[in-house]
Amino acid sequence: MEKIIIDECGFSNIWQSKEYNLQEKLNISYKILGYEYRHYGYTHLYEVFSAHARPYIIEASLLPNCDYKAAVEHYFGPLHFKVIHLCSPLGNETDFQASCRVKGSNYRVIGPTAKQAVENANKAVAKRELTHKQLASFAKPGITPCIFEPAEDGITFSNQEIDKIADALGVIPSLFQYSLLSRSLGGKGAWEYLNIEIPPFFQHISHSIEKSKESNFKIATINIGTHILRFLAFDYIQKLGILEGQDISGFDLYADGTSAEEKQDYIDQALRTSELGENLYDSMMLSCERRYSSKDKYQSICSLLTACFASNISPVKALFRFFENVFSDFYKEQFIIKPNYRISLSSFLASLGARPEAVGMEMGGGIYCVELRLDKNSNTSPVIRYENVSSREAKKEVWAIAYEKVIDSTRKALSIPDCSISKDVFNFVIKKFCKITSLSIDNPLRYYGIINAANYISIGSDSYVAILSNIRNVLTPKDFDALINRITEINKPYYICINERLYSFNDAFLNLFSAQALATNGISEHQGAISEVYLRIVNPTLTMQKDFVKEDIHRIELIPNPSFDLGKFVIDQGIEYYSYILFPSAEITEYYHKKCAYLESIKAEHMGQLLCPSDGTTQIIVMDSHGAINKQIEDLIEDVHIVNITIACGYFYKSGILLLKKTFDRIADKNIPTKLIVGSLQNYRNQDDAILTGIDKSTIRELNEYIKSNNISLYTCEDRFYHGKIYMFEGENKTVICLGSSNVSKSAFVNNYELNIAFITSPSSRVALQFRQWIDQLILYSNRIETLNEDCFCDNEVNVESGSAIRRISKEQVIRQIDDLTDEEVQFRLRLWMKHNPEIISTELGILALPNYYAFVYTDINLLVLESFISGNAYYCLSYVDSYETELKNIAALSKTEIFEHSCMSKRGYHIQNRFTLERNINRFFR
């Protein structure tokens, strides 16, 4: 725990501090983890713990443990430890410190108990003073790993029932069966009741410890499950927004005022967890020989929750998915938490540094009076009085009245314009609140009304102004200024969106949310900086939400109850992401099922050929093969209000992208959703460190710049090379589709003789819908690429589309050219190659980095030699597999350095003046 908090959450000062005891450090750590979960989601926390905790747990459970005390006493004799209590600043006793002196070194080690401190001290001495070899003889065997598997013989419940539910919850069947035992059925004879053999895991428990411990193990699983059920219930209603406006201050177990046990009982009553647990159990509809009591059902479901959490990577999702209908039926929107007035008010006042005290007295005439002073340490604090003939009713009712005057009235004063305010109580609360020097993040008042920026959406700017005006009339100028300062202190990290621009919330608050006063010092909602502060934006727009989620689709977990538009957006990124949406609406779920059905229908085995009959709304144009294709495309879409673009071609090159610069600028300026499908990236994710051809580094740099934008997505088809060419521009009133032979390149757009056809049609026409369906199928069979590593690609653009052919020449012609050379060194080297009798000699190789080079091909040993007749040029030797033509195509776009790295040469083939060395080097290739 400490390592994770320090390394990942950045709160090392908490654990390294001497101002907190162990329990305080743990309490703070859990709050930190709760904050991490709220802002970064379950997946983030699981990855942190999985990376750090799991290896340690495996090592601790499987490796031998050492008897450090025995080892220390063997080598140093019994040590004398001085054990003292350590105290926190609050004065209560906390940790223990054990100190000793060994070989001139002082050791001071802390532990939660005196015994543990001594054990830790022995361990510290042994690890520092003794070697691994010395410690080896004091090792104890580690825990023997056990596999928890179901028995094969008969069980009380049918296999089909068990397997179905256990699989849905991600729990292995035998652990599921064990979970179905309540505490009364968890001891001796429990497994006989289920009519199965004791699994090896529990046999290990039975043999290694006392029989009664088996029952204790069951009790532990129930107790843990009780906490889990409590958290699940709270998490569900909180994310549904049911708790909005309700007082849950009494739910804080660590707040002062009342005991944690009393608060747990209150939470269970408020959330009705016992009744919920019984409903969860009944929903499984298990057939059982024995009738379970309500208590048995509750304990069984708690045990099952523990099993689910122990078995799953994402238990909350598994449980909510399985029991979703139970939770939704049990907690209706009208669900109201009835506060425990004494617990809630005591906790609230304790957070302000006040200690309430109720004093009762006989008034005579059978009347009993209770006075509740809000702070017993202050003679000036308000006093609430209540009289009744029943002392019990008086004691009970005075807390209810005080709750209404303190908590309800304060919340209303901070949330509702023009409401009446109890001046003395409100002044007391605000004074206390503003005087707190170190304001805790769990102080309940900081979440009331205008004090918290998160409430801006429900309150609105006009009401903010009215509420402030009303409060100003009640507080003194000094107290009002103190409240404003406290509000700005709390909301310093937050931002607000006004007229599609982002502003510091405090700037907006102090200027009463006037866009004119804020001028233009905001951030546009399309700027990249938005995603960095998204979690602190109190009213994010749909565009901001989409940008935030698109960077990491798992972030949708941080937006419970998303709008339909946002849910649809997430599902459109991939139907598998539906499972990350917390509490999707019925509308989102319906869209998900329709999307699944549609994707199934466009699979290759279902869709087949598409028919596009003319419906009178489609114009077909054969594009001019003698004019620039890019210019014709941009002319066709100039007046189209484009809402979606797809460009899918076998090859993309920077030269072609630049010719479409007007279109790409439009995509960026208008934030148009765009999909690019590039066939030549087919082997990008499986290149095995080889240099990829068919696309060059300058093009990759260009594509990387574009796909940084959240509105542009890049895909490739990995199963088969995609060789089609289609440009589809979908508009609000018109759709333009261009298809034919032109890739995205200068050669295709300007130089080559190309054939392309344009369809101009209505967005709702059969033609548009059929082409959209075809593109959706292409996306279905493609893989998305988030970013491209430039180092995987060649340096130069290869013109794969221009007509070119490798030209063979005769040996006699080559010999004549060699004889005509004046450079004797080049002449000698070329004659050495000819001496080995090449089967083929070719020129016009199409290698951009090696113009005017010749290829000497030795087919019997699959050797390709690239040679130059020009003085100063190096030679290159390559082994090929299929054919030398294929090898030439593979290296056509490589630089000289890349060709050498691709070759079978240990050194570069530069000129060597020593003829003996040169001849020896060349002859090596023919051994």
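The following questions and answers go through a predicted model of one protein.

Biologist: What should I know about the numbering and the limits of this model?
Modeller: Residues are numbered from 1 along each chain as its sequence is written, and side-chain values use heavy atoms, with hydrogens and water left out. This is a predicted model, in which local features need pLDDT of at least 70, side-chain atom pairs count only at pLDDT 80 or more, and totals for chains, interfaces and linings use all residues.

Biologist: How many helices and strands does the protein have?
Modeller: Helices (H or I, at least four residues) and strands (E, at least two) are DSSP runs, numbered from the N terminus. On that basis the secondary structure comes to 40 helices and 26 strands.

Biologist: What share of the residues in the protein is buried?
Modeller: Buried means under 20% relative accessible area, exposed over 50%, and partly exposed in between, with a 1.4 Å probe and protein chains only. The protein has 927 residues, and the buried share of them is 47%.

Biologist: Is Met 361 buried or partly exposed?
Modeller: Met 361 is in strand 6. Its relative accessible area is 31%, so Met 361 is partly exposed.

Biologist: Which residue in helix 33 pairs with Glu 898?
Modeller: A salt bridge is a side-chain nitrogen of Lys or Arg within 4 Å of a carboxyl oxygen of Asp or Glu. For Glu 898 and Lys 697, the closest N and O atoms are 3.7 Å apart. The pair links distant parts of the chain, 201 residues apart, with Glu 898 in helix 39 (residues 896-902) and its partner in helix 33 (residues 697-707).

Biologist: How many residues apart in sequence are Lys 835 and Glu 919?
Modeller: The side chains of Lys 835 and Glu 919 meet in a salt bridge, at 3.4 Å from N to O. Lys 835 lies in helix 37 (residues 824-835) and Glu 919 in helix 40, so the pair ties together parts whose separation in sequence is 84 residues.

Biologist: Where is Asn 644, and is it buried or exposed?
Modeller: Asn 644 is found in strand 13 (residues 642-649). Not counting residues up to four places away in sequence, Asn 644 touches Ile 672, Pro 673, Met 728, Phe 729, Glu 730 and Arg 772. Its relative accessible area is 17%, so Asn 644 is buried.

Conventions
Contact = heavy atoms within 4.5 Å.
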